[in-house]
Amino acid sequence: MVGNTIQKTVTADNQNQAIRIRAIGEGADICIFSGKKYEGKSYLAKKLLATVSAYLIWDEQREHGDIATVTHDLRQIVTLWNGGTKKISYQPIDKTKHNFRMFCKIAQQLTNAVIMVEEIRLYQDGKNLVPEFKRLLDSGRFRGLGIWTTSRRMHGIPVDLPYNADHIFVFKQYRPEDLDYLSKFMDGEKVQQLPTLEKYWFLHYIGDTGTTEIHKPV
Ligand SMILES: Nc1ncnc2c1ncn2[C@@H]1O[C@H](COP(=O)(O)OP(=O)(O)OP(=O)(O)O)[C@@H](O)[C@H]1O
Ligand SMILES: [Mg+2]
């Protein structure tokens, strides 16, 4: 368990704007990166991961091999971890929901790390999160686990995720149903700017304060 653990704060400075995330340890944060394709979700996540000392990524599109030890074998994750390899990209051959649930079970055994899942929408149970991921979300922080996910769209994501999120990063998107959905908890005026946002710019919603900031590219 976590005990008197480290508070690892990820900071990405961007001229006068800073992003501060409690990545691992006590109070580890839940983060969502959303927006249409190629707008910079994974790029931002990678920038933020660069100062985290331990992470496990469900790397479905094989985008994070440059910042982690790659494995395609679920059983190897714990072996690598126990051997001191704490930056792991799991690139599944088996991309089924069943295998994702197995991955979440393994992630639950870890402590003090960021668990990052690319494209969470592919691994929902209808309108719900699969139970193993929901468990990570609900109790991960007691093990010092920060939970980060990317999703091209927010509409249709189970509300458990945004309602529990400490940080939501939203890149350019147009669909009215997504904008309406985001306006429920983010600053509506800023959400309306999403369709015309410049490339790689994004909104940053901070759960603690309920505030939304417009951010330049990192
Ligand atoms: N802030 C940035 N500055 C420079 N290049 C960037 C920036 N953000 C993203 N890029 C580049 O844009 C491309 C797309 O970025 P990225 O892979 O992060 O998109 P994405 O939103 O995760 O897309 P997808 O939904 O397809 O996964 C990449 O080549 C990346 O290097
Ligand atoms: Mg991506």
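I started at Lys 87, which sits in strand β6. Helices (H or I, at least four residues) and strands (E, at least two) are DSSP runs, numbered from the N terminus. Lys 87 is partly exposed because 18 other C-beta atoms lie within 10 Å. My cut-offs: a residue is buried with 20 or more other C-beta atoms within 10 Å of its own, exposed with 12 or fewer, and partly exposed in between, with C-beta atoms placed from the backbone.

Housekeeping before going on: this is a predicted model, where local features need pLDDT of at least 70 and side-chain atom pairs count only at pLDDT 80 or more, while totals for chains, interfaces and linings use all residues. Residues are numbered from 1 along each chain as its sequence is written, and chains are lettered from A and ligands numbered from 1 in the order in which they are written.

**Lys 87, continued.** I listed what Lys 87 touches, not counting residues up to four places away in sequence: Ala 54, Tyr 55, Ile 67, Ala 68 and Thr 69. Contact here is C-beta atoms, placed from the backbone, within 7 Å. I also checked Lys 87 against Pro 195, 108 residues apart along the chain, and their C-alpha atoms are separated by 35 Å.

**Strand β4.** β6 (residues 87-90) pairs with β4 in the parallel sense over four bridges; pairing takes at least two DSSP bridges between the strands. β4 is also joined to β7 by four bridges, and those two run parallel. Trp 58 is opposite Tyr 90 in β6 and opposite Val 117 in β7. Which way do the β4 side chains point? Tyr 55 and Ile 57 go one way from β4 (residues 55-58), Leu 56 and Trp 58 go the other way, and all are buried. In a regular strand the side chains alternate between the two faces of the sheet.

**The core.** I looked up the largest nonpolar core, which has 59 residues; Tyr 55, Leu 56, Ala 113, Val 114 and Ile 115 touch the most other members. Such a core is a set of buried Ala, Val, Leu, Ile, Met, Phe, Trp, Tyr and Cys residues joined through C-beta atoms within 7 Å. Strand β7 (residues 113-117) gives the largest share, five residues. Leaving aside neighbours within four places in sequence, Leu 56 has contacts that include Ile 77, Ile 88, Tyr 90, Ala 113 and Ile 115.

β11 (residues 167-171) pairs antiparallel with β12 over five bridges, and His 167 is opposite Ile 206. β12 is joined to β13 (residues 211-215), also antiparallel, by five bridges, with Phe 202 partnering His 215. β12 and β13 make a hairpin with four residues between them, and Gly 210 in the turn has a positive phi of about 70 degrees. I noted Leu 197 in the loop between α7 (188-191) and β12 (202-206). Leu 197 and Ile 214 are 17 residues apart in sequence and 9.4 Å apart in space, C-alpha to C-alpha.

**Ligand 1.** Which residues surround ligand 1? Among them are Gly 35, Lys 37, Tyr 38, Glu 39, Arg 152, Tyr 200 and Val 218, where near means a C-beta atom, placed from the backbone, within 6 Å.

**Whole protein.** Of the 218 residues, 41% count as buried.

Conventions:
Two residues are in contact if their C-beta atoms, placed from the backbone, lie within 7 Å.
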